[in-house]
Amino acid sequence: MKKFSLILLFAFIAISTFAQVLKVSNLKCEYSVDPLGIAVPEPQLSWEITSPERNVMQTAYHILVADEPTLLQKGIGNVWDSGKINSGSSIQIVYSGAPLLSSKKYYWRVAVSDNKGHNSSWSAIAQWQMGLLNSVDWKGANWIAYQDMPDSMKILPTPRTGDKKHSPGSDILPLLRKSFKVTKPVRNATMFISGLGHFEMNLNGKKVGDHFMDGGWVNYEKEAQYLTFDITNQLKTGENAIGIMLGNGFYFTPSGRYRKLTLAYGYPKMMCRLLIEYQDGTSENIISNTSWKVTPSPITFSATYGGEDYDATKERSGWDAPGFNDQQWQNAIKVEGPALLNPQSQQPLKVFEKFTPKNTTQPKPGIWVFDMGQNASGIPQITVRGKKGDSILIVPSELLDKDGIATQKNTGVAGKYGYGHWYTYVLKGDGEETWQPRFCYYGLRYIQVKGAVPQKESNPANLPQIISIQTLHTRNATDKVGEFNCSNDLFNKTNTLIDWSIKSNMASTLTDCPHREKLGWLEQDHLMGNSLQYNYNLASLFKKIINDMREAQTPDGLVPEIAPEYAVFGGGFRDSPEWGSSSILLPWYMYEWYGDKQGLADSYSMMQRYVDYLNKQSASHILTEGLGDWYDLGPQHPGVAQLTSKGVTSTAIFYYDLTIMSKIASMLNKPTDVAKYTKLAAEVKTAFNNKFFNKATKQYDTGSQTANAISVYMKLVEPEYKAAVVDNIVKELKSHNNSLTAGDIGYRYLLKVLDDEGHSDVIFDMNNRSDVPGYGFQLAKGATALTESWQALSGVSNNHFMLGHLMEWFYAGLAGIKPADDAIAFNKIVIHPQPVGNITSAKGSYHSSYGIIKSDWKKSEKGFDITVEIPANTTAEVHLPAKAMAQITDNGKPVTGYKNSGESAIINVGSGVYHFKVTE
């Protein structure tokens, strides 16, 4: 009997082990894990599969969706049971079940089969919650506020917005409060809330969630974003209280300090619906209406550009908790707000790294400067002890002047203190007090304090004591998906330099800088798109930006250079094809990186209107409007293109737009459009070459790095001239001692062409140095984030990511991780590392939609070793530096049957981990 039991046990273990060979994980709905507030009627689902075996491909899937998790545990999908679908698709699976209901939670799981004959067990249960699908779902909730702004006083984006006209009326930032009772057990409680410009919500005396500056900024003439919070576990039986604090954001820009623009859509306001579902099957809605109580908050000033002031003596203890007496507060008033409310699809802003002082100085009596060691987007947090009514002035800055004083000359100055952005904190005087701004942020490395003294310093004037001070780095909370490192210390530092500028400009749009503008200039989105996406999962943020462009497009088809278009700039600062073309290129890149075909369909009308606009603006198919190769390295102060005619980059990208439009039209089954865009592209190409190409010299325009490189990359060069033009690019670089001159537009294409044409050694020579303007030069000057200019000029922004194109080469060139030409979402991978210069090792990883891709190589005198990881459901082509007679092994076993060009071996592999070794 005992022997029989052991046999059964071993059989059970064997079956369990077999069942676990193939696993399903990382279930996502609309690019997110367990998202709230989904407003897509047919959301897209995805998952990853893993297996210890090699060459694994999914052959079928089975999805169950239910409105109760217990049903899934019984194998029942009462909302959708897909049945077994014979398909290898594991991303962008469109929900095809029963109609989804507003505000309802849904639970789902998936099982798959593979080409090895394995069937996975069911995945863990994932979920999503629907948002409010139309205005009726708000159950009569109103926009409410402390005060209303008459239409005659509103200031919306117009060509006059650049002036510094005074904002209308008073600037009162309100607190809003509502108490309610819960008398029976709660099953679910969901808050849907929008606050303009930003809000912070407390429940029963505690902040809800860990977000910063909710919600995202958009075109407030047309829409607002709402957030969805699950507050089930924060409710309690008996009395509960909601407390809301509002800030201005881009919704209202008060005067008195620096501001890039003037806007007044209205005064701060809020709209919400709290849905409480009880265990007995009943429900209740708490909505925003005039029964809410309001009063001015302790925030006495708040501005996106100007900073924030807080008077702690005006705090009302317990205002956001049950039992507070709000009889002296007035009732909220009903006001008008944006007609359209959309769920916030992009990730929220949150606090990440925290920096403490690396050095403290006292450049002048009464002034203390704290060096946090890192230029980053963020806010100061200060803990002090002092007397009631004591006031502290806090000034953030990127740089110090020659006297060691904080300077904002490069980021905007306008105010009584000689700064444009500052904070004041008035103490309440009851022990240690910790404060930080709530509704604005800045780009800062230094925090300057006046009116307080560090705790250990002498304090004869009995000023408040600074117990602690730190910078809280704030950014979009999207997932980190990439890592890179190599044996070259300068390149590692360059990678970190660029990364900090990216992190500092990831907000609810991709901003140009975190201080003086905070605007969504669009050229960097497509030019830096690959660099960004190797590092961060930006699918949801890019979808939001694409919607911003749709909303910003003018009736004549122009897509302006910033979106949302909070300021209507003039001339080349509004109409540059290199910027507006993000309206075509970003949806296309979304398809290439994430397989999002629906986004192409949703944006197709915008794309059509924009290329029609460009065609009308052209003269004989040549465009000359715009900024050109912005911030190229010429003899003058950087700005509009100096070394390349503006018509080169604008017309080249017009041609590129048309070639992409032909592909998109073909995918969307629009043959008439395919013919139209193909014909127009050919005409633009002919006109471009007739105007800019010199057949005698094989140069474009001035022969600049940008002119030649963009022509090659966009495939404007006829095949018979391509090699000569590429040679001219290399010759031009060598004639300048391999120093760069290309700017914001051209440098990405210069790097791509050099990499594609086998000249990564030139890229190495260009960037492995600090003696000429470039990345190493900036690091040598003390930069800790990528600066706006190659020269790291002190008079411009010192936190810009627009020139960070080298990051793409770190991943695609050095580490060698790139998609195949016909890949979608990295389903076909190329591993092609470039062991150039003095680099002896490099490793990179990218978490794609299918799973993690890794490349980790080392070069020595004995040969070349590389570890490659390819996710299930994909294939790869691995290129190894190997001459014809080289020996190649995988895990010590000889590799045969591969191609060899004489310099490189090409090995086709499926999923799995490989350890290749090349011995000459």
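Because the model is predicted, local features need pLDDT of at least 70 and side-chain atom pairs count only at pLDDT 80 or more, while totals for chains, interfaces and linings use all residues. Residues are numbered from 1 along each chain as its sequence is written, and side-chain values use heavy atoms, with hydrogens and water left out.

With a salt bridge taken as a side-chain nitrogen of Lys or Arg within 4 Å of a carboxyl oxygen of Asp or Glu, the count comes to 36. One of them joins the side chains of K722 and E757, with 3.0 Å from N to O. This pair links distant parts of the chain, since K722 belongs to helix α13 (residues 719-735) and E757 to the loop between α14 (746-756) and α15 (760-767), 35 residues apart; helices (H or I, at least four residues) and strands (E, at least two) are DSSP runs, numbered from the N terminus. Relative accessible area is classed as buried under 20%, exposed over 50% and partly exposed in between, using a 1.4 Å probe and protein chains only. K722, at 34%, is partly exposed, and E757, at 31%, is partly exposed.

Helix α14 also supplies R748, whose salt bridge with E808 of helix α17 (residues 806-814) ties together parts that are 60 residues apart in sequence. The closest N and O atoms of R748 and E808 are 3.1 Å apart; R748 is buried at 3%, and E808 is buried at 4%. A further residue of α14, D755, pairs with K818 in strand β39 (residues 817-819), 63 residues away, the closest N and O atoms being 3.6 Å apart. K818 is buried at 18% relative accessibility, and D755 is buried at 9%. Elsewhere, salt bridges with shared partners connect K260, R516, E517 and E788 in one network.

Turning to helix packing, α6 (residues 539-552) and α8 (residues 582-594) pack at about 155 degrees with their axes 10 Å apart, where axes are lines fitted to C-alpha atoms over the stretch in contact and angles run from 0 to 180 degrees between N-to-C directions. The two helices are therefore roughly antiparallel, a term for angles over 145 degrees. Contact here means heavy atoms within 4.5 Å, and the residues of α6 that meet α8 include F542, I545, I546 and M549, with L586, P587, M590 and Y594 among their counterparts in α8.

Conventions. Angles under 35 degrees count as roughly parallel, over 145 as roughly antiparallel, 65 to 115 as roughly perpendicular and the rest as oblique.
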